[in-house]
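Please examine the model shown below.

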Amino acid sequence: MEPAAKTARGVWRSVVQTGALWGAGAIFLALVGLVEAVSHRQIVAGVLSLAYALLLLAGLGAGTQVSRRWAGRAAWQRIVGGALAGALVGVAVELLVVIGRSVNLRIMLINASPPLYEILSFGRGLGGVPLMMLAQTGAGAIGAAAPLLPPWFRRPVIAGLSMAFVIGLFQDLVQLMLQSGVRAGLRSLLFTGDGLALHGAVLLFVFAAGLSVLRARYRAPAGRWAVGLPPQRRRVLRWITMGAVVAAILILPWVAGLFISQVLVLVGLYTLMGLGLNLEVGFAGLLDLGFVAFFAIGAYTVGLLTTTGPLAVAHLAWWTVVPIATVVSLIAGVFFGLPILRIRGDYLAIATLGFGEIIRLLVLSDFLRPWLGGSQGVLGIPRPVLVGLEFRGPQQLIYLTVVASALVAFVAARLRDSRLGRAWMAVREDEDVAEALGINTVNVKLLAYGIGGAFAGVSGAIFAVMLGSVFPHSFNVLISINVLALIIVGGMGSLPGVMVGSLALVGLPELLREFSDFRFLVYGAVLIVMMQLRPEGLWPTAVARRELHDGAQAPAVPGHAVELAGAKEGDG
Amino acid sequence: MAATLVAARIQRNWLQRLSVIDIFLWAFRLAVLAAVVVGTFRTLYSGRYAGEVWLDFVVFGVSQGSVYALIALGYTMVYGILRMINFAHGDIFMCGAYTAYYAAGALYRAGVFNRQPLLSLAIILAVAVTASTSVALLVERVAYRPLRRAPRLVPLISAIGASFFIEYAVRGLYGSGFQAYPEFEVFKGKWNVFGIGILRTQAVVIVATLILMGLLYLFVMRTKTGTAMRAVSEDMEVAALMGINVDRIIVITFAVGAAAAGAAGVLYALVFKQVHFFMGFYPGIKAFTAAVLGGIGNIPGAMLGGLFLGLFESVGPILVLDGLGIVAPYQLKDVIAFTMLVMVLIFRPSGILGERLAGKKA
């Protein structure tokens, strides 16, 4: 329990603080335009839109936080506290409505518009004001009650709600996938014309909750069963799983349709880049903010060597150019790394950022226009053809990206476990010690830049054929930040983490088009929050989990904190 | 006989010590130097630009550089204390400029703007400083303070996140377009200083920067808080043992740096006459260059570095690149700044005035 919550005044203060904080968060979401942007996305048709889900999430969060902070108190106290905090969130939100209706905030805050106020008051004018407060109070109470529930009950409920939420959120995509035959039947069962029907949501809830119960019941026995099998049988089982995965990938683009395939290709490209940057940042600890340069180099190499346009250097087939592009990016990586070998830590990040920008500005300039096409870029890049099959669109390119990603992930995994990989990790942990132990830090770091760059080069090569053209504007610093964000979210140094990160940070925003304007807002918030709550990422490596969690807990012990501070001074 | 052997050994040692990297770095250095010398020589030899043109560029460079210098102060002071690059500092600068735009707009509509230019400027500056400072304190509290004991990469990533969060929050709140700053009638045209015509805005920027710099320097060197700041930057633990409230000093450092950045934002907007949510990114990086150039953690160094960078960036394209026969050299203005950044980081991370601190802080 927090000391502040011990006294009666402390109790009130923590409620007010929590409510005000989450209320400010809700107001921020409203004013930044997110609430209005997602107000048309219905989760359950006619019942709940994403905008309200977001707003009520604030009340829910406030309630949960109060309840967590008051762990050890009576249940009714926690629920009342949570409800109060939720009510405060409602008051804060409605304050915005009341103020906004009398003062024109729009001069400064472009989103403080009447439609927003309509949303915030349930479209009932001032009559909706108490309604929102009531709703937030309820959300706060529910949020406070959630930690009180026993896990066997909470888990299925959360699973059910998440299922209904996710299907509702992506209902248009799900409906696209359910077009014919049995699938069409399923569609008419769950959806109405406007979206997910209420009964559909309930069905999904029951389905997922039941699945969760079953899983809790049978997961451990199933695992024991698999472990208990003789090795040969287990190998067969593994082959069957792998076969199923491959089959799923093969039919995926045709089931999912053009749009999702397009998104998945992007996810694949970012996974490729992420694997490269992961090698630099995650394995070798070299924070590189100019990473997009290698992506650009790969794309431009393909562009210039295959284009049918006037800038062509050669007219080679894409398949012959890919190895060339990879090697060119590898060499570029080594040359990029050479001058900055002796820079460390924060300075390295800025220096690489500078390098990346130099390359982009040079490509964009009129000076190199005769060779690289300036801002118009390189056009007319033909699609690759394999034994008569043309990789026309995303549904074909997806195979290419999947194969390339799998290959690169395999290489990365083998590298990680190799002598070189161990050397990278030694350099990451402490460069001086690594050098003292006889590791040639120069070669090791150059190889990290080179191989990381080569991976990004492959990604760029596919990117070039995906667009059929290459523009310098596609290679700004935001891409580097994007890639960095995804490997951090996934877990630095973790290979499955890259995949998870790019699905979460590239796939999701593409599917939720309304979010596109807020993508970097969310990335920024995610980076800050992740660094505090889960610096090891969503799918961490074992080492990172151990280290970062020990480090985070250590300062709680006073004597330990001083020691840590001393250690920090030492490496500073 | 023995002497030649020793000589040979020394020579071999010297040669052995010269690694491939050294050779590469020397080649890089010489190439840049050669480009600068050849370009300068050819430009000057061709005599294509008159003296007045150069003077304009120099004045522009100085005014630009003084803005960089003001922003650089924040980097330098924070780095001096926390050994951390406040990556979001450029965006804090943007917040000041952008928020002050609304104050300027309101004053303009009220008609005060041109009737009372000095008062208006003071109000705008105050708004900018307030906005920047509050954002900076928020960022410090939310994104940096919880991570003070974390491994080094962690706060930097958090700072990158903060930077993008601020940018896109401002984009969402204020809009994504360019907003035109109103212009002061008084500051249009040129002033004649010693027979040299200087654009008035630029003169204002230079003078305002000089005043602010002087104040800041006095604050850091003469006041008790300033002394405490220097003590914390020298050794945080010893300072804490001496009874200095380190947390408070860190907050004050952020606040002072942000105030300077906010003021810089207004000055920047006076020169360029527009604001945009992404306007802080490049000036931020350039100001960081200036801070490193002058020796990070060193306040006069930041001023010097800013001026140097501004000058080079404004004169460089014409002086060097034009002479090398590069088309549209002004497009590559930022390339010059970034090349300087990379070169400083590679060759002299301790900066011009940074020798004293080199061992400990770089």
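How many residues does the contact take from chain A and from chain B? The contact takes 50 residues from each of chain A and chain B, where two residues are in contact if their C-beta atoms, placed from the backbone, lie within 7 Å. This is a predicted model, in which local features need pLDDT of at least 70, side-chain atom pairs count only at pLDDT 80 or more, and totals for chains, interfaces and linings use all residues. Residues are numbered from 1 along each chain as its sequence is written, while chains are lettered from A and ligands numbered from 1 in the order in which they are written.

**Side of chain A that touches chain B**
- Helix 14, helix 20 (477-490), helix 22 (519-533) and helix 24 (558-571) of chain A each give two or more residues to this side; helices (H or I, at least four residues) and strands (E, at least two) are DSSP runs, numbered from the N terminus.
- Helix 14 of chain A provides the largest share, 13 residues.

**Helix 14 of chain B**
- The buried residues of this helix include B:Phe338, B:Met340 and B:Leu345; a residue is buried if 20 or more other C-beta atoms lie within 10 Å of its own, exposed if 12 or fewer, and partly exposed in between, with C-beta atoms placed from the backbone.
- Its buried residues pack against helix 14 (345-364) of chain A, and against helix 12 (281-294) and helix 13 (299-322) of chain B.

**Positive phi in loops**
- B:Arg83, in the loop between helix 3 (51-82) and helix 4 (89-110) of chain B, has a phi near 55°.
- B:Arg83 counts as buried because it has 22 C-beta neighbours inside 10 Å.
- B:Lys273, in the loop between helix 11 (246-272) and strand 4 (274-275) of chain B, has a positive phi of about 65°.
- B:Lys273 counts as partly exposed because it has 14 C-beta neighbours inside 10 Å.
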